[in-house]
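Thank you all for coming; I would like to take a few minutes to walk through one model with you. Please have the sequence and the structure in view while I talk.

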Amino acid sequence: MSRPRAKLTNTFPGCPVESALSFIDGKWKGVILYHLMTEGILRFNELRRRVPSVTQRMLTKQLRELEEAGLLSRTVFPVVPPRVDYALTSRGESLRPVIMALKAWGDENVLCDGERMTLKPLKAKSQVESENA
């Protein structure tokens with residue numbers, strides 16, 4: 001798990017936002033949490049299919065960090081071939097409002113066009129007023 005800068009110098013971060021973000025930072029952690037929130041228990045390869053841009057090594061690393069933080073649980077079944085399930089813990093589930101707020105903000109503000117992501121143009125003040133009326 002990446003550590004807040006302050007932890008690198010052995011001092012208290014002093015900022016709850018920085019501390020909280022340190023547990024979910026990383027390019028894929030929020031996406032992993034989102035898929036587990038919306039789809040429930042997933043196996044490793046199911047997660048890989050839902051996040052095709054992530055490498056196997058990076059997905060493994062991000063999953064380990066989320067498990068270490070207590071945000072998800074990993075269950076290994078003693079079968080051949082090996083089966084591993086990932087599920088949210090209650091602490092991971094407590095992040096639902098945060099992850100869903102990020103999704104809502106993205107739906108409203110981000111335009112995904114193929115491999116490019118850009119911010120949507122801001123609405124004119126008159127458009128916003130007419131929508132709120």
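Predicted model: local features only at pLDDT ≥ 70, side-chain atom pairs only at ≥ 80, totals over all residues.

Which residues of helix 3 are buried? They are K29, I32, L33, H35, L36 and M37, where buried means under 20% relative accessible area, exposed means over 50%, and partly exposed lies in between, with a 1.4 Å probe and protein chains only. Helices here are DSSP runs of H or I with at least four residues, and strands are runs of E with at least two, numbered from the N terminus. Helix 3 is followed by G40, which has a positive phi, near 85°.

Residues are numbered from 1 along each chain as its sequence is written, and side-chain values use heavy atoms, with hydrogens and water left out.

Let me turn to R50, which sits in helix 4. Because its relative accessibility is 32%, R50 counts as partly exposed. Leaving aside residues up to four places away in sequence, R50 touches H35, E39 and L42, a contact being heavy atoms within 4.5 Å. A polar atom of the R50 side chain also lies 3.0 Å from the backbone oxygen of E46.

Next come the pockets. On a 1 Å grid over the protein atoms alone, a pocket is an open set of points where a 1.4 Å probe fits, with protein on both sides within 12 Å along at least five of seven lines, and lining residues have an atom within 4 Å of a point. The largest pocket holds about 830 Å³ of space, a volume being the space filled by probe spheres set on the points. Its lining has 19 residues, and G30, V31, L102, C112 and M117 lie nearest the centre. Helix 7 supplies the largest share of that lining, with 5 residues.

The second largest pocket has a volume of about 260 Å³. Of its 13 lining residues, F44, N45, P82, R83 and V84 are the closest to its centre, and helix 5 gives the most to the lining, with 4 residues.

V84 also brings us to the strands, since V76 stands opposite V84 in strand 3. Strand 2 (residues 72-77) and strand 3 (residues 83-88) run antiparallel and are joined by 6 bridges, where pairing requires that DSSP finds at least two bridges. A hairpin of 5 residues connects strand 2 to strand 3.

Notes: Polar contact = N/O pair within 3.5 Å; in protein donor to acceptor, adjacent residues only side chain to side chain.
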